[in-house]
Amino acid sequence: MKKFFLPLIAIFALLLSVSCSSNDDGPIIDPDPDPVNNKLSGQITSDMTLTNDVIWELDGRVTVTSGATLTINEGTIIKAYAGQEASAAVLIIARGAKIEANGTADKPIIFTSIADNIALGQKFGTNLTENDRGLWGGVIILGKAKASLSGDALENQIEGIPASDTNGLYGGSDNADDSGTLNYVSIRHGGTSIGDGNEINGLTLGAVGTGTSISNIEVVANVDDGIEWFGGSVNVSNAIVWACGDDALDIDEAYSGTISNSVAILGNVSDHALEIDGPAGSLEGRFTLDGITLIGNTTTENGEYADLRDRAMGTLKNIYAVGFKADSDVELDNNAVAQNFLNGKLSFSNWTVSLPSGVANANDIFVEKTGEGETPIILNPSFTERAASWANSGNSGGANLSNFTWTYTQSKGAF
C-alpha cells in the first residue's frame, strides 16, 4: 500500500499546481522579479519611500530637494559608504524638502556604515563599537527658520557641505517651518572629514522650524558633535548622544527651541557634554534645556560638563550630572557670556551633581573664566558662590532613562 499511495499523492500535487497556475485563477507571480535598486545617490527630486524589506545604501552626497518628501518606513536600515571631502556620504534634507522618518521602539530607523554587519530585522550589529567613528557623513536637515548669522545675513551655508552646493543653505524668517518628522531614529559611526578639522555632525539642524517634529533620536560614535543646532526653533525630546569625538549637544546662532528629556554620555575622546554659543548677529534667541542627564567619565582627557561661550543665552534647568572628573567644570567662557548671566539672559536652576572625589560642593563646578585681557565681572558674590542657589549634590534627576531602552547605547550598558 505504501508504494502505491505515494505516487498518487505526487500526481495529485502536480495537477493541483498546474490548476492554480492558470491565468483564469489569478496573476502568475514572477519567480525572478527585477531587484530593487537600493543604492541612493545624487538628488531626490520627487517623493520617495524607503521600505524595510531591503537594506538601502547611501553613496556620496544625497539631497532631497525642495518640494520632495523622503518617507522612511519603520525598521528601515540605511548603510552609507565611506567617503571624504566632497564625496562624503551624507543625507541632506534641503530647505523646502521634507523627511518623514517614523520608526518605533521595536523597529527604529537606523543610519549606519556599510561596514556594519547589522542585517534586516535587527536593531544592532556585532562588529562595530562606540570607538568606530568617521565611517561616513551624517544627516543634515535645513530649514527656513530664523538664525542669528554674522553680518545679520538671512541665510548661510551649513558646515560640512561645499559652498558650491546651494542645497546646503539654511535660514529664513519662518520659525514655524516644517521639515517633516524624525522619530525613533539611530545615527551611528559617522562624522567623516570634509577638510582639515571640518567634520560632519551626526545630526545637523540648520534653522529648522517648530513645524518639524524630532523625538527619540540616538547618535553614537560620531567624530564631531552628536547633534548641533544652528539657529532655528525646533523642539527636540528624548535625544541621546554617546561617545562622540567632540561635543554631545552643541547650540549655535541663537537657537530658540527646547531640548527636553535628553542624555549626553561622553566617550573616551569626547570634549564637552554641552557646548553652547550665542548669536552671531544682532538677532537674539534663547534656548531651553530641561530634564537633561550628563554622564562623564574619569579617563577622557577633556571631558567637561559644559562650555558657555560667545554671548550664550538661555535656560538650563533640571540637570543631573554624574561621573565626571574632579577638574571638570561648567564654565562661562568670557565677559560677554558672563554679562548675559548678570542681565538675566542666561539662567540655571535645579542642578543635581553626583560629586566627584575631591569636589566638596556641587556649586564648585561652576566657574567664571575670562578672555584675553579680561577680568571677572561676576563679583560679590562670585559665579561659583551664586551657583549654591541652584546646585545641590545628589544621585538622581535629569532625564527619564526608561525612554531609552530601545537604543544601541543602552544595549551596550553605557548607562
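**Reading the cores and salt bridges**

Me: In this predicted model, which residues of the largest nonpolar core touch the most other members?

Reply: The largest nonpolar core has 80 residues, and within it L308 and F348 touch the most other members. Leaving aside residues up to four places away in sequence, F348 touches L308, L316, V330, L332, F341, F366, F383 and W390. Another core lies apart from it, with 15 residues that include V90, I140, Y170 and I200.

Me: How many salt bridges does the structure hold, and how should I read one of them?

Reply: As a general idea, side chains of opposite charge can pair when their charged atoms come close. The structure holds 8 salt bridges, and in one of them the side chains of D165 and R61 meet at 2.9 Å, N to O. D165 lies in the loop between β10 and β11 while R61 belongs to strand β3, so the pair ties together parts that are 104 residues apart in sequence.

Me: Are D165 and R61 buried or partly exposed?

Reply: Buried means under 20% relative accessible area, so D165, at 11%, is buried, whereas R61, at 23%, counts as partly exposed.

Me: Where in the chain do the partners D277 and R309 lie?

Reply: The side chains of D277 and R309 meet in a salt bridge of 3.1 Å, N to O, with D277 in the loop between β21 and β22 and R309 in the loop between β23 and β24, 32 residues apart. D277 is buried at 7% relative accessibility, while R309 is partly exposed at 24%.

Terms used
Residues are numbered from 1 along each chain as its sequence is written. This is a predicted model: local features need pLDDT of at least 70, side-chain atom pairs count only at pLDDT 80 or more; totals for chains, interfaces and linings use all residues. Side-chain values use heavy atoms; hydrogens and water are left out. A nonpolar core is a set of buried Ala, Val, Leu, Ile, Met, Phe, Trp, Tyr and Cys residues joined through side-chain atoms within 4.5 Å. Buried means under 20% relative accessible area, exposed over 50%, partly exposed in between (1.4 Å probe, protein chains only). Contact means heavy atoms within 4.5 Å. A salt bridge is a side-chain nitrogen of Lys or Arg within 4 Å of a carboxyl oxygen of Asp or Glu. Helices (H or I, at least four residues) and strands (E, at least two) are DSSP runs, numbered from the N terminus.
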